[in-house]
Amino acid sequence: MLPAEILVPNSHIQLKLIQPADKAFFMSLFGDKEIMKFIHFFQDPEQMAAFFDDLCDYTAYSEKSQINYVISDDQQQVGIVGLVLKANDTYESGTVLAQDYQGKGLTNVIRKKVYTVLFNDCHADRIISRCNIENQAANKINSRFGMRLAQVVDEPEKNRQMNIWSLDKVGFAKLAKTF
């Protein structure tokens, strides 16, 4: 089971399970058209609000296959990390940062800690990261982090193609030696 809080060593960064009090931040982040231009996630605010409310339902926390964390830097909310347990001990991971925090290396700092928890504590076999083929920044982050491009998937209903990046536990073990 994933922990309720993840602290990033040697930094002011912490990840805590998303809570109802985080709704305004979530709505602002996922309502930002510039941030969402490659994600195409929500169609309207009501859909976004309903999705958020579902994320905060921890009545069956130990059985949840999707967990979301709010990323804070010195108590300032800066983004969201989403983790989804897929089949066969594979997790999908995604990070969305507020514009002021993009391009500063924060995604890799967070990934190092989150992936360490997933591989070491949750016994993940693989972690995947999906990103729009047109999102050059996200694709570069995945490549530089040591993930390999495993697949390109067409999503005609959303008028996009998605790159599926993958990192297995052997690849992570080699990568972790450089942390």
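Trainee: Is Cys131 buried or exposed?

Mentor: Cys131 is buried, because its relative accessible area is 5%. Buried means under 20% relative accessible area, exposed over 50%, and partly exposed in between, with a 1.4 Å probe and protein chains only. This is a predicted model, in which local features need pLDDT of at least 70 and side-chain atom pairs count only at pLDDT 80 or more, while totals for chains, interfaces and linings use all residues. Residues are numbered from 1 along each chain as its sequence is written, and side-chain values use heavy atoms, with hydrogens and water left out.

Trainee: And Cys56, buried or exposed?

Mentor: Cys56 counts as buried, because its relative accessibility is 13%.

Trainee: How many disulfides are there?

Mentor: The count comes to zero disulfides, where a disulfide is a pair of cysteine sulfur atoms within 2.5 Å. Cys56 is in no disulfide, and the nearest cysteine sulfur, that of Cys122, is 20 Å away.

Trainee: New topic: how many helices and strands does the protein chain have?

Mentor: The protein chain has six helices and eight strands. Helices (H or I, at least four residues) and strands (E, at least two) are DSSP runs, numbered from the N terminus. Along the sequence, their order is β-β-α-α-α-β-β-β-α-β-α-β-β-α.

Trainee: Where is Gln75 among these elements?

Mentor: Gln75 lies in the loop between β3 (66–73) and β4 (76–85). Its phi is near 75°, a positive value in a residue other than glycine. Gln75 is exposed, because its relative accessible area is 66%.

Trainee: Which loop holds Asp89?

Mentor: Asp89 is in the loop between β4 and β5 (90–97). Asp89 also has a positive phi, of about 55°, although it is not a glycine. At 38% relative accessibility, Asp89 counts as partly exposed.

Trainee: What share of the residues is buried?

Mentor: Of the 179 residues of the protein chain, 42% count as buried.
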